[in-house]
Structures are given as structure tokens and as C-alpha cells.
Amino acid sequence: MVATRDTSQRRLQISELVRQHGSVQVTALAQRFGVSMQTVRKDLRYLTERGVMARAYGGAIDSGVVGGALSEPPYEAKRTAFLDEKRRIGQRAAAMVKAGDTIAIDSGTTAIQLAEALPNIEVTVVSNDFGVLTVLTAKSNINIVMLGGELRRKNMAFYGGLAEEALGALHVDMLFLGVDGFDLERGITTHYEPEAMLNRKMVEAARMVVAISDSSKFGKVCLHRIIPVSDLNTLITDINAPEDVRQASHQLGFELLLA
């Protein structure tokens, strides 16, 4: 990319990137603007002093979030954002499932696209997502195990002790894990603490953990951590996956599938 050496213009663009993505990384910014990492650190320090952002290890995060956590967008906004990418990711994930499998599908709008793409074959699906249940009801060969709990209308999924207790007695071949935030240093994160707790139970129950995430989630950090990225077996994302994520797949040992 052409170097952006005009300081005020570059800082304005950095501010906009933080606002859009919730967080930024020094290395990525240096590459994007064609300047040194030292210059980027000066920019971040300048913007931090003016309350635009808060410094974090290796970069900065939006100062408007609580405890370093990105605020949760409305459900309808999540349903329509990056829909083509989510459809392709859902189709690629569905292609991993074969007859006889038992899979867990986490909540989320990408999870619903996976449910849409699942063929009507003899598999068992464990889920806490109302939308996933609705889609799969029409597929008569799929055995559905719906986790109990309390409905959270903000993302139309069920959480709580009942759901966690049910998972304690289950074993699944694959977990398809939705993502709110995906940061190589801070791990896979979510907005809602009971969701993080339930997701960790899902991970414990699964032989294989597959994250399904469009590339808009990379570099974002939410308040509640689920697992480190190194705990993944596979990541399915779109073709806009950044270079650092591609490199991390080799360094951390997870399979990267681009849809």
C-alpha cells in the first residue's frame, strides 16, 4: 500500500479503523500505512492522550468500550452483516459433516447459515440457538438436541445452568463455534458471560473444535474469553482473512479453510 506519511491524515484514518473494528495492531498499521512501528506507536500514544482509544498490548482498542470489550451490535444488524461471507462459511462447514456424526452448533448468525447448508442426512445436532432449531426442524432426518436454559432475546439463544448441565453428559464429534471477537493474543471472545461459560463446556464435550467466523471479527476483542486461538483444530473464514491469521494457522497448528 502507498505510504501515508501525512501525520494528521494517518491519525484520522487510524481513529476510523479503531471505531470500525474495535481494536488495531501496531504491525498491521505499519504495513497498511507504509511507516515504521515506532511511528505507529507515536500515533497511538497521541490518540490515547486525547481519549480516542486505549493502549493495549501490541496495539490499541476503542476507548468507548467497557473493560476493553467491544459493544454488542443489535441482532438484526448481525443477521444482515457480511451475509454472503457467512453463507459461504456455512456451506464449507456443512461439507465437513457426514452421516452418523454428532455435532454441536453454537449460537450466532453464521451458525444459522451452517444449519441452512446442512444436508438432510442422519446426524445429531446439539444447539442452544433458536434460529438453528427453526431451520433444522424441516429436515426430518436430522436428530435435534436442544439445550435448555433461559432465552436471551438479544441473540435468540438459550443459556444458564440447565444448558451447561445438559452438556456435561454429552460427547460430540465436532463443535462449530461462533465468534464475536478473534484476536491472536487475547483469544476467542464473546459479549455475554453465560455464553462464554456455555461455550467452554461445549469445547470440553467436543473431540474437534471448528471456529466459524467472517473476517470482520479478526482483531476484535470482547469482554469474555472463551478459549485461546491455539485450542482450535480448524478455522473456517472468508478469503479476506488477514496475513497474520494465515501465518498463525501454521505457527499455532490449526487448519485454515477459506470460503
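A salt bridge joins the side chains of Asp173 and Arg207, at an N to O distance of 3.9 Å; the term denotes a side-chain nitrogen of Lys or Arg within 4 Å of a carboxyl oxygen of Asp or Glu. Asp173 belongs to strand β9 (residues 172–178) and Arg207 to strand β12 (residues 206–212), so the pair ties together parts that are 34 residues apart in sequence. Helices (H or I, at least four residues) and strands (E, at least two) are DSSP runs, numbered from the N terminus. Asp173 is partly exposed, with a relative accessibility of 23%, whereas Arg207 is exposed at 60%. Here buried means under 20% relative accessible area, exposed over 50%, and partly exposed in between, with a 1.4 Å probe and protein chains only.

The model is predicted: local features need pLDDT of at least 70, side-chain atom pairs count only at pLDDT 80 or more, and totals for chains, interfaces and linings use all residues. Residues are numbered from 1 along each chain as its sequence is written, and side-chain values use heavy atoms, with hydrogens and water left out.

In the whole structure, 6 salt bridges were found. One of them links Arg87 and Asp84 at 3.6 Å, N to O. Both residues lie in helix α5 (residues 83–94), 3 residues apart, or about one turn of the helix. Arg87 is partly exposed at 39% relative accessible area, and Asp84 is partly exposed at 48%. Lys217 and Asp214 also form a salt bridge, with their closest N and O atoms 3.7 Å apart. In this pair Lys217 is buried at 15% relative accessibility, and Asp214 is buried at 0%.

The largest pocket holds about 990 Å³ of space. On a 1 Å grid over the protein atoms alone, a pocket is an open set of points with protein on both sides within 12 Å along at least five of seven lines, and lining residues have an atom within 4 Å of a point. The volume is the space filled by probe spheres set on the points, which are joined across faces, edges and corners. The pocket is lined by 28 residues, of which Gln25, Ala28, Phe218, Pro242 and Asp244 are the closest to its centre. Elements that each supply at least two lining residues are α1 (7–21), β1 (23–25), α2 (26–33), β10 (181–183) and α10 (243–252). The most comes from α2, with 6 residues.

Note on methods
On a 1 Å grid over the protein atoms alone, a cavity is a set of points where a 1.4 Å probe fits but cannot get out, and a pocket is an open set with protein on both sides within 12 Å along at least five of seven lines; lining residues have an atom within 4 Å of a point.
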